[in-house]
Amino acid sequence: MAFTSILRRSASSLAPLASRLARGNRSYHGALVNAINHVNHSYKSTLTPFVPTPRYYSSHSSDQSLLKVIDAEIKCAEETDDLDKAEEIPSGFPFQIEDTPGAQIVTLKRTYQGENIVVEVHMPDLVTGDEENDGEQDGDDEDGSANKSSIPLLVTVSKSDGPSLEFSCTAFADEIEIDSLAVKNPENSEDQIAYEGPDFHDLDENLQRAFHKYLEIRGIKPTTTNFLHEYMINKDTREYANWLQKLKQFVAA
């Protein structure tokens, strides 16, 4: 009996302690769960997920379509026979050729009896067969020169530090036209507008023929310009292919 009484008293005295411990554990566990949930909610609220917009898809799709077209054009340009064609300079060609990759013009230089002759050769103005047929049907151009491929030339003939003659020419196949002639004086200021003479085609025909002969003696003749015509077509093909590659790099970046 005495032992049973002792056990009953011990159990009754431990019951409040156990109850407090249980309540304490539940309180601690609840606080911990609440803290974890709060951290998770705060972390999720700081994340900004990437949601592609219709504008993003439209821009990306447009760029990819553009790249496909550029790639197709590059392939077409690389298959052109003129791309890697090496021009053989004809025997007796009187000029030194200065051709810088990426430049719009090619420069020719030579000296002739104390004169310095510089020719700027610009990219060709090409006319296709269809355009030639259209021009023939229109019949607006008397000699048909507007419907022929050509290359623009700027010829400068100078002596020492004095004035120079500047010819603006258009070279067709087996024919060279002088479009204008000007006397350039290095002493004139840029603000001063110098008299450049009448329109070349208004000059006396004998004087026009004499200037054509003047240029021919100095190397501006059909055998020269026919070679330049082919040379500039090949250069135009190479520059176009390089330009397409730069264009692709920019769009793809």
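Student: Why is Pro-198 called partly exposed?

Tutor: Happy to explain, and keep in mind that this model is predicted. Pro-198 has a relative accessible area of 47%.

Student: Where is Pro-198 placed?

Tutor: Look in the loop between β6 (175-184) and α4 (205-217). Leu-181 is 17 residues apart from Pro-198 along the chain, and their C-alpha atoms are separated by 8.6 Å.

Student: What makes Ser-150 buried?

Tutor: Ser-150 has a relative accessible area of 6%. Buried means under 20%, so Ser-150 is buried. You will find Ser-150 in the loop between α3 (129-138) and β4 (151-159).

Student: Which residues does Ser-150 touch, leaving out those up to four places away in sequence?

Tutor: They are Pro-124, Asp-125, Thr-170, Ala-171, Phe-172 and His-229. A contact here means heavy atoms within 4.5 Å.

Student: How do you know that β1 and β2 pair?

Tutor: Count the bridges! Strands β1 (residues 96-98) and β2 (residues 106-112) have 3 bridges in the antiparallel sense. Pairing needs at least two bridges, so these strands pair. Glu-98 stands opposite Thr-107 in β2.

Student: What makes β2 and β3 a pair?

Tutor: Strand β3 (residues 115-121) is joined to β2 over 7 bridges, again antiparallel. At least two are needed, so β2 and β3 pair. In β3, Glu-120 is the bridge partner of Thr-107. The hairpin of β2 and β3 has 2 residues between the strands, and Gln-113 takes a positive phi near 45 degrees there.

Methods
Residues are numbered from 1 along each chain as its sequence is written. This is a predicted model: local features need pLDDT of at least 70, side-chain atom pairs count only at pLDDT 80 or more; totals for chains, interfaces and linings use all residues. Side-chain values use heavy atoms; hydrogens and water are left out. Helices (H or I, at least four residues) and strands (E, at least two) are DSSP runs, numbered from the N terminus. Buried means under 20% relative accessible area, exposed over 50%, partly exposed in between (1.4 Å probe, protein chains only).
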